[in-house]
Amino acid sequence: MSDEIKKILVLGSGALKIGESGEFDYSGSQALKALHEEGKFTILVNPNIATVQTSEGVADRIYYLPITPEFVERVIQKEKPDAIMLSFGGQTALNCGVKLYESGVFERYGVKVIGTPVDAIINTEDRELFADMMRSINVKTAHSVAVSSIDEAMEVVRTIGYPVIVRAAYTLGGLGSGFCNNDDELRKLAEQAFTFSPQILIEESLKGWKEIEYEVVRDQYDNCITVCNMENFDPLGIHTGESVVVAPSQTLSDHEYHKLREIAIKIVRRVGIIGECNVQYALAPDSEDYRVIEVNARLSRSSALASKATGYPLAFVAAKLGLGYGLDEIKNSVTQCTSAFFEPALDYVVCKIPRWDLGKFDGVSKLIGSSMKSVGEVMAIGRTFEEAIQKGLRMVGQGLHGFVANTVNIPDVDYELRNPTDKRLPAIAIAFDMGYTVDQLHDITKIDRWFLYRLHNIYRMKCELEAIAEARTPLADCREAIDKAKRLGFSDYQIGKFIIKDASVSPHDKGLQIRQLRKQWGIVPVVKQIDTTAGEYPARTNYMYLTYNGSKNDLSIASQELSKHESVIVLGSGAYRIGSSVEFDWCGVAALKKIQEMGLKAIMINYNPETVSTDYDVCDQLFFDELTLERVLDICDIEQPKGVIVSTGGQIPNNLALLLADQGVRILGTSAESIDIAEDRQKFSQMCDRLGIDQPRWKELTKMDEIYDFVDEVGLPVMIRPSYVLSGAAMRVVSNKEELADALQNAAVVSQEHPVVVTEFLQRAKEVEIDAVAQNGEIKCYAISEHIEYAGVHSGDATVVFPAQKLYYETIRRIKRTAKQIAKELNISGPFNIQFLAKDNKLRVIECNLRASRSFPFVSKITKFNFIGMATEIMLGKEVEPFGKNFADIDYVGIKSSQFSFARLLKADPILGVDMASTGEVACIGDNYYEALLKSMLSVGFHIPDKQKGILMSSGEARSKVELLEAARLLHDDGYTIYATSGTSKFLAQSGIETEEVHWPDSAEKPNVLDIIRDHKIDLVVNIPKNHTERELQNGYLIRRAAVDHNIPLITNARLASAFIRAFSEYGSDKLEIKHWAEY
Amino acid sequence: MKTAIENEKPKKTLLKLEDGSVFEGTSFGYEKSVAGELCFYTAMTGYPESLTDPSYRGQILVPTYPMIGNYGVPSDEYDANGVSRFFESDKIQCQALIIQNYSEQYSHWDSDRSLSAWLKQHKVPALCDIDTRALTQKLRDKGAMLGKIIFDDADVEMSDPNKRNLVAEVSATEVRTYGNGSKKVLMIDCGMKNNILRCLLRFDVQVKRVPWDYDFRGEEYDGLFVSNGPGDPAQCKATIEHLSWAIAQDKPIMGICLGNQLLALAAGAKTYKLKYGHRGHNVPVKEVGTHHCLITSQNHGFAIDDATLPADWRPLYVNLNDGTNEGIQHATKPFFSTQFHPEASSGPVDSMELFQRFVNYMNVKA
């Protein structure tokens, strides 16, 4: 079978979004690797330009195009592939594939779907079909019945029994949903729910049950294995993507484990999976009763986690199975000698912890529950749960030092425990302090006692350390306690904080003292290998972690001697978060490749299970461990590297540069001192002043009257950045005194420790960036790009054009001159990025990072010149020739657009501001600006509005009204109906453009803008925020939120809106060129 | 829900290996010095089952999974057939237990005591805080090894359990009958795991359990079952002799683990000791000549040498990792056996259907 198939199309997952993140770069890359190994010609459609899978050499042909049926069909038309794989690009690829299948495209072009058949996928996606199928094999699913009256609801409850969940059908965001424990509650809630929807669902409540998952693999011979099972620390009710997850399960008896395993295999056989599948269960906490909650007939976030947790390359194997191999015909790529038909045995525990960024959004609810809000995750490995969870809490990077030793302010701990948010773990720690027992906590949270006991062990250790300090025990007598604390995952910092009471020593120095002391005593971590077989077979894997629960290193001394000073450590980027995501994974992987090419041993430290950089075959040694000063030093002690690269992993490694250098670690490339100058606002400003480089005026202020004085001096608007806020976004631009007062009120404290940074804000200024690489202060290559939006939209949210199309030559000259000055002054050797404001040929520097920036993969792929490759050569000391290509000669355009996940973030205001809100990005190439823009926008969920429907315009203040005038005329001429709010309607009428006037949300008059959104009469919403009065703010918010909740594309920036409208007026989507990367 | 917290002062003690290496651990079981053969197993669940598995007789068990004791230990109750509900025999069979990290507090709705309390009840020593991965690697590289745990300087001699007749130590001493179904199964108990009994009793059978050396020649039965058991199969001379008679007859025979080896020896083949055996829940086997694969539960240190199988016997399953024998069958007669454990407990239940095959054979012959 596999011989007839020569050309295979693989669909990626597009931009990273909440619920669909970097894991699909990892699974797609592995699948392409497997296909390549089999000599297949591969074609990839994925507009996510920052991914590793869209890099040279991974697929044979890459299309940076939207993953929509329309575009994929045109790629099929052009490429005529023999087969297509739908399981490696998440829900995006699956949905697209199902649509193409249903419309007969695959049949028409003779494209075979390999892997799990589409019918099987459809059966798992449809609730009813799936429940029927499960019933046919006697597998239990949760009862759920649709009813249309209260009497019917009561009837259903007679069979299901209380408690039940009521869900209103066809509503968004869980309106009218909730739990009921008795008839009264049911009647009340059902009545309410019926006001939202004519039909409601009555479901049995499994709240408080355990949530367990299995990852199952099946081949065409019906052979099945479960690669891994996982147990959620958080009970059912909290989405698995929001839960702390451990692998393997910890609280299941052998009988429970294998009962669920057997059922999972039965399901997978019935569904007919070829490849990989995830089965999720609810398991009763007090019996062996269970329900199947969900089946994912594709690679998923959980399968990426299972791959990293076990070392079993799930996606790689799934791709081979798709080609028709049996599991017994594939080797275990970790041991190279045993079979892929086996189930990994773990001799460690892993702990996955989600990372949220809810603080970046205004209005969003912080409760965690049945829908996913987290933007990334970490995985921690240890040989005790305590060790793993403490590592994990540090890895999440939200200021925690582990389970204890934190300063987290939770006003009402009991409330927090009952209504969990992203702070529930620190809340448990505080609860122990307050005297809550494990049993009490279990009753409140339903978290299994075993996990709570283990957390309590950490708490008890903390008390022990405090008692030592209390008793003024000399440090020299603390050996046993420190040893024990280390086994429970305590960092040097945590230990130092508890046992060194001297207030004159900084916490950082206390940690270093502990480190020194324990090293003298030989209390050091050992390196252990992840080998899939728990040590039963010798493995060639280089996949490592560090633990204190062990006495012997798995690394042989001989190999270390050999590698001494011949290895280079690359620090990874940690958890994906808003502002740091797959683009830094690409940078890290590019650096590793170059290090290997140069004949050195490439070592990666990272802990993000969604990445390619943690795939053990992209480097010579992977340490899946913390990116803390302590852990990086531990690894340097073991590896004795030539040096460490801190400039390809975003901000986390960048922040470690100076700390590592202080401890004698060699930082490769730009010096730690220079990095510090760029990072330190004051030092950087002084340097700019010295060099005569302009910056917007700013001050760090600690008193209210100083703030008002400074605002008077520079004039409004200004940007306010408090160091501590009560709620919502920290950074904001204020344009009048009221807003200023409001922003300062929100800044809970303004004091010496919590200063506020106030910066002059330039209106209608262009934002321009330079990405460059320098050697010894001399620029060797650079790329200048511009934003479509004016400054005021965070550079991570802006639409970026490269090469810049609309800059004055004079501006470009100045940019180059300034970049040269800075590179020279800071003696840069490596990657850097500078952001500028350009207005009337005046240039101001707003930011400078002496590391790779978010746009490095973008400019590298558009120029087809690997900036990181060159940067790495430089950091390793190789003399490089300047890259001579003149970017003005590039006769195509690349445009990068941002992906927002507001639909997932209930109640958040979908507005763009100075703080970043996007969760991902794409970039597409076009022969000109508008073609590139249209492809790019279509890739992040926009579509060309349906002419049968209208377009809503609410165009804000006068200037943006003018800005949108031409666009409105184009729409009007194209025959679109324009709905407009009163001001916009009047304005457009004056220019001869007719509109249908709609009334503001708070108006009683009809037609109301919310009605036409709810009725889907419109297919695009342009709402330009105008925040002058409270009323306008609230009305604007309601319109934007309604658009997001009804899945109608929304643009809130006038320049972007007018560019988009022009683009789709000029090009129907059928005029867009289907060209692969190499064709440009 | 029952839980417990134990707060005793931990006692440090030593594990000594025959190659001279020494590990220090913390005691959480019964305190007495013991000697035995160290062996590791890679299963991540199922310590109550493994500890009571008679095949582990004489051995010092080293689970590779680091945290043990999480879900406590279930009760001693018996089912309607008089078989223990949760355990594989009536006592802890291994000599001692060595782990990385002990879960002092346990949590499970179906448990009624801690692992530590249970070990103490059965007077079995146990150590934690030992680098079990390092220990496993040593056993993997150097092969199975003798070892001892020393308490309070009360030294004991190293002792190789394979030189003893372990089967005689764990086999039933008297004949006992279970169930009252229509087919009569004669079970040779060489150290039978209770779940074999539970699995058979789901069918319409009656099981007559007899000691390992019981002379069943001339007994009336519909099918013969040779159980699992500990140690070197060559020690079971009487069983082999009786089986030689049985394979000359036509009544169905099924064997598991030691039963597989005994059947092979009776047929005239040879067995040998593996370097460190197969012990875990993840062992892949393949039915010879097909693509049909199974994940199996295993626990054995000896194996059949395929090359020595006589002409009318052939390999039934093969180990996908190292190519060793995983089962045999007769070319024409209804005899088959597996090196792995279809009864699982602990472990995966993928091969449970083999019991059905045995019962089918009995029904066909009727």
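Predicted model: local features only at pLDDT ≥ 70, side-chain atom pairs only at ≥ 80, totals over all residues.
## Contact between chain A and chain B

In the interface between the two chains, 45 residues of chain A are in contact with 41 residues of chain B. On the chain A side, the elements that contribute two or more residues are helix 9 (254-271) and helix 16 (449-470). Helix 9 of chain A gives the most to this side, with 5 residues.

The composition of the side of chain A that touches chain B is 17 nonpolar, 15 polar and 13 charged residues.

## An open sheet in chain A

Chain A contains an open sheet formed by 4 strands in the order 23-26-24-25, with antiparallel pairing. Strand 23 (698-701) and strand 25 (732-734) of chain A are the edge strands, each pairing on one side only. On average, and with direction ignored, neighbouring strands of this sheet are turned by 25° against each other. As a general point, strands of a sheet pair through backbone hydrogen bonds, in either a parallel or an antiparallel manner.

Within this sheet, strand 24 (residues 718-722) and strand 26 (residues 756-760) of chain A pair in the antiparallel sense over 5 bridges. A:Ile720 stands opposite A:Val758, which belongs to strand 26 of chain A. Helix 26 (residues 704-714) of chain A lies across strand 23, strand 24 and strand 26 of chain A. The same helix 26 of chain A runs at about 10° to strand 26 of chain A.

## A loop residue of chain A

A:Gly39 is placed in the loop between helix 1 (23-37) and strand 2 (41-45) of chain A. A:Gly39 counts as exposed because it has 9 C-beta neighbours inside 10 Å, and a residue is exposed if 12 or fewer other C-beta atoms lie within that distance of its own.

A:Gly39 and A:Thr799 are separated by 760 residues in sequence, and their C-alpha atoms are 38 Å apart in space.

## Overall form of chain B

Chain B has 8 helices and 21 strands. The radius of gyration of chain B is 20 Å, close to the 21 Å that the globule rule gives for 366 residues, so chain B is as compact as a globular protein of that length. The C-alpha trace of chain B spans about 65 × 45 × 40 Å along its principal axes.

Of the 366 residues in chain B, 58% are buried. Among the contacts in chain B with a separation of 6 or more, 75% are accounted for by residues 24 or more positions apart.

## Domains of chain B and their contact

Chain B is divided into two parts, domain 1 (11-163) and domain 2 (166-365). The centres of domain 1 and domain 2 of chain B, taken over C-alpha atoms, are separated by 26 Å. Their contact takes 29 residues from domain 1 of chain B and 30 residues from domain 2 of chain B.

On the side of domain 1 of chain B that touches domain 2 of chain B, at least two residues each are supplied by strand 3 (34-41), helix 1 (47-51) and helix 3 (132-142) of chain B. Strand 3 of chain B provides the largest share of this side, 3 residues. By class, the side of domain 1 of chain B that touches domain 2 of chain B comprises 11 nonpolar, 13 polar and 5 charged residues.

Notes
Residues numbered from 1 in each chain as written. Chains lettered and ligands numbered in written order. Contact = placed C-beta atoms within 7 Å. Nonpolar A, V, L, I, M, F, W, Y, C, P; charged D, E, K, R; others polar. Buried ≥ 20, exposed ≤ 12 C-beta atoms within 10 Å, placed from the backbone. Pairing = 2+ DSSP bridges. Axes fitted to C-alpha atoms, helices over the stretch in contact; angles between N-to-C directions. Domains from an automatic or database assignment. Rg over C-alpha atoms; globule rule 2.2 N^0.38 Å.
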